[in-house]
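Trainee: I'm new to this one. Could you walk me through it?

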Amino acid sequence: MAATVSFPVDSPAGPRTTTASYERLGSGGEPLLLLHGIGHHRQAWHPVSEILATEYEVYAVDLPGFGDSAPLPEGVPYDLRAMARGLGSLSSALGLDRPHVAGNSLGGLLALELGRAGLVRSVTALSPAGFWSEAERRYAFGALRAMRTGATALPVPALERLSRSALGRAALTGTIYAHPGRRAPEAVRAESLALRTATGFEQTLAAGRGVRVTEDVPGLPVTVAWGSRDRLLLPRQGVRAKRAIPGARLVRLPGCGHVPMHDDPALVAKVIRDTVRSAAVPA
């Protein structure tokens with residue numbers, strides 16, 4: 001069941017307060033924070049969070065300006081460091097002491113930044129943003145804008161009709177899933193509406209124009225995993241991630257697209273579980 005939490009964020013006018021929506025699953029084990037990608041929502045993690053909840057205390061959150069979470073207060077930027085600081089405050093408000101974190105796309109980029117700030121115990125980044133060339137960035141942003149335009153231009157009844165057929169689901173979400181036709185119609189409809197109503201989409205995309213990750217994430221276990229059929233952020237970007245973060249484990253996700261949690265939830269859960277367990281092993 002979803003809940004909300006209030007937490008402070010920094011702004012030029014001083015500390016402000018915002019709220020985020022989240023789900024908590026599991027009743028024991030170490031804390032694990034799950035972060036979704038741009039235009040998505042916490043439900044992107046459902047196939048994986050239910051598996052991980054058998055071992056961990058799982059928190060899947062809607063990022064500020066996405067899903068059911070409020071946008072950041074006026075004047076607060078959606079840039080990488082501000083968002084990471086906000087997530088650190090959110091973790092504190094939830095009573096989490098350096099949780100493990102797993103993120104996809106934008107969420108993977110934020111997870112790595114939380115690792116650099118020393119706010120988490122381990123990082124699993126699934127197709128993280130920021131390891132692109134300029135041409136690859138422009139391509140990815142164009143594809144995201146096209147998805148957003150489709151979600152906002154189509155009337156809701158048309159989105160519902162498209163979501164009922166495999167071809168329609170491919171048209172709506174084929175950019176991010178390797179097997180969009182397998183998705184449940186209600187899930188495709190819900191994420192199309194989440195993209196349609198994402199108040200933080202434009203500001204987050206604008207803040208990402210200058211992002212190019214070159215910094216290491218020292219001192220904690222890091223896994224970077226990439227779907228072999230990622231059509232949005234091409235798999236070769238994983239090699240750049242490994243060069244930037246030499247100590248990271250680079251994992252290939254065969255047959256998975258950009259959002260692998262639905263393409264192969266068991267494999268994604270295993271990758272996250274292996275990373276979390278490695279944090280308990282002395283270096």
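Trainee: What sits over the ring of F141?

Mentor: The charged end of R137, 4.8 Å from the ring's centre. A charge sits over a ring if NZ of Lys or CZ of Arg is within 6 Å of the ring centre and within 35 degrees of the ring normal. Before we go on: this is a predicted model, where local features need pLDDT of at least 70, side-chain atom pairs count only at pLDDT 80 or more, and totals for chains, interfaces and linings use all residues. Residues are numbered from 1 along each chain as its sequence is written, and side-chain values use heavy atoms, with hydrogens and water left out.

Trainee: Which charged end sits over the ring of Y177?

Mentor: That of R183, 4.3 Å from the centre.

Trainee: How many aromatic pairs are there?

Mentor: There are 2. Rings of Phe, Tyr and Trp (its six-membered ring) pair if their centres lie within 6.5 Å; planes under 30 degrees apart count as stacked, over 60 as edge-to-face, and the rest as tilted.

Trainee: Why is the pair of Y22 and Y59 called tilted?

Mentor: Their centres are 6.1 Å apart and their planes stand at 35°, so the pair is tilted. Y22 lies in strand β2 (residues 16–25) and Y59 in strand β4 (residues 57–61), so the pair ties together parts 37 residues apart in sequence. Strands (E, at least two residues) and helices (H or I, at least four) are DSSP runs, numbered from the N terminus.

Trainee: And what makes W132 and F141 an edge-to-face pair?

Mentor: Their planes are at 85° and their centres 5.5 Å apart, so that pair is edge-to-face.

Trainee: Why does W132 count as buried?

Mentor: Buried means under 20% relative accessible area, exposed over 50%, and partly exposed in between (1.4 Å probe, protein chains only). W132 has 5% relative accessibility, so W132 counts as buried. F141, at 9%, therefore counts as buried too.

Trainee: How many residues of strand β7 (residues 222–227) are buried?

Mentor: 6 of its 6. V222, V224 and W226 cover one side, with T223, A225 and G227 on the other, and they are all buried.

Trainee: Which strands pair with β7?

Mentor: Strand β6 (residues 123–126) pairs with β7 in the parallel sense over 4 bridges, and 5 bridges join β7 to β8 (residues 249–253), also parallel. Two strands pair if DSSP finds at least two bridges between them. V224 stands opposite A125, and in β8 the bridge partner of V224 is L250.
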